[in-house]
Amino acid sequence: MASNSETGHAVNIANFKEMIDTCTSFAGDYQPTNPLLNLGTMNTQWSAANTAHETLSNALFTAKGPINARGLAHEPLDKLITRTINGFAVSGVDHAIVSDAKTLANDIRGFNAHKPKGPNAPDDPAGDPEWVSQSHQSYVQRVDHFNNFINLLTGAGWAPNELDLQLSALTALYATLKGLNDNIGNILVPIKNAMITRDQLLYTETTGMVDVALDCKKYVKSVYGGTNVKSRLVDQIKFKNLKRKDILHQ
């Protein structure tokens, strides 16, 4: 299930189509002078926004496989780091170096990281473009800390007997995880572009779908009066402004 915000975008698009259909039923009474409120223009706008939202949904669906694969590849990392730092701590290395290694180990394991939770967290993280982007940055940072951790171990001459804790094994795992991150980075580009297009169509000031819908409500009230049943038909169609400033001003 997608996040509440992503569901909200879909509701806005569906409600805009309902508004068009409702205003179409008013026939000759609906004659706005504002070209943005023309039913043909609104239909074109709805079609473009609907297509953009579907494009974004498809891009997110395409990303789910690689996202899940990366998650599975990272699952053993925490326990591996814990075993490594425990072994390193009793290997006879200087305490200051061990302290630095523990700091990096904590960064890798996310002991101090803030994890979004609560009612605003999406039920399906891979279905929310913002969550996917934030999660990607978290993975990138984690793998970067892992690389620094390996470099520290290398400088300290870490040479355990356990094969999976040896530098060659850790380095191979780092290469795998970084490769998975790089693949997700490529996948993020169409997601971000599709989100920008969708959000601009819906939430650009004055010309975006939500503002056009609000102006349409005002026009219908000017035709029939605020208490008329036809005005109420339009007024009860709800829209929520979910615009993001970083998207709209790019």
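This is a predicted model: local features need pLDDT of at least 70, side-chain atom pairs count only at pLDDT 80 or more; totals for chains, interfaces and linings use all residues.
Residues are numbered from 1 along each chain as its sequence is written, and side-chain values use heavy atoms, with hydrogens and water left out. Helices are DSSP runs (H or I, at least four residues), numbered from the N terminus.

**Helix 2 against helix 6**

- Helix 2 (residues 39-74) packs on helix 6 at an angle of about 160°, and the axes sit 8 Å apart; axes here are lines fitted to C-alpha atoms over the stretch in contact, and angles run from 0 to 180 degrees between N-to-C directions.
- That angle makes helix 2 roughly antiparallel to helix 6 (the label covers angles over 145 degrees).
- Sorted by class, their contact has 21 nonpolar, 7 polar and 2 charged residues. Nonpolar covers Ala, Val, Leu, Ile, Met, Phe, Trp, Tyr, Cys and Pro; charged covers Asp, Glu, Lys and Arg; the others, Gly among them, are polar.
- The crossing of helix 2 and helix 6 is left-handed, meaning the near helix is turned anticlockwise from the far one by less than a right angle.
- Leu56 belongs to helix 2, and it counts as buried because its relative accessibility is 0% (buried means under 20% relative accessible area, with a 1.4 Å probe and protein chains only).
- Leu56 and Arg198 are 142 residues apart along the chain, yet their C-alpha atoms are separated by 7.8 Å.

**Helix 3 against helix 6**

- Helix 3 (residues 77-89) meets helix 6 (residues 167-203) at an angle of about 150°, with axes 13 Å apart, so helix 3 and helix 6 are roughly antiparallel too.
- The contact is built from Leu77, Leu80 and Thr84 of helix 3 plus Leu170, Leu173 and Leu177 of helix 6 (contact means heavy atoms within 4.5 Å).
- Those residues divide into 5 nonpolar, 1 polar and no charged.
- Thr84, in helix 3, is buried at a relative accessible area of 0%.
- Setting aside neighbours within four places in sequence, Thr84 touches Phe149, Leu153, Trp158, Leu165 and Leu170.

**Helix 7**

- The 16 residues of helix 7 (residues 209-224) should span 22 Å at 1.5 Å a residue, and the end C-alpha atoms are 23 Å apart, which agrees; the expected span is 1.5 Å times one less than the number of residues.
- Buried residues in helix 7 include Met209, Val212, Cys216 and Tyr219.
- Just past helix 7, Gly225 takes a positive phi of about 95°.

Technical notes. Helices (H or I, at least four residues) and strands (E, at least two) are DSSP runs, numbered from the N terminus. Buried means under 20% relative accessible area, exposed over 50%, partly exposed in between (1.4 Å probe, protein chains only). Angles under 35 degrees count as roughly parallel, over 145 as roughly antiparallel, 65 to 115 as roughly perpendicular and the rest as oblique.
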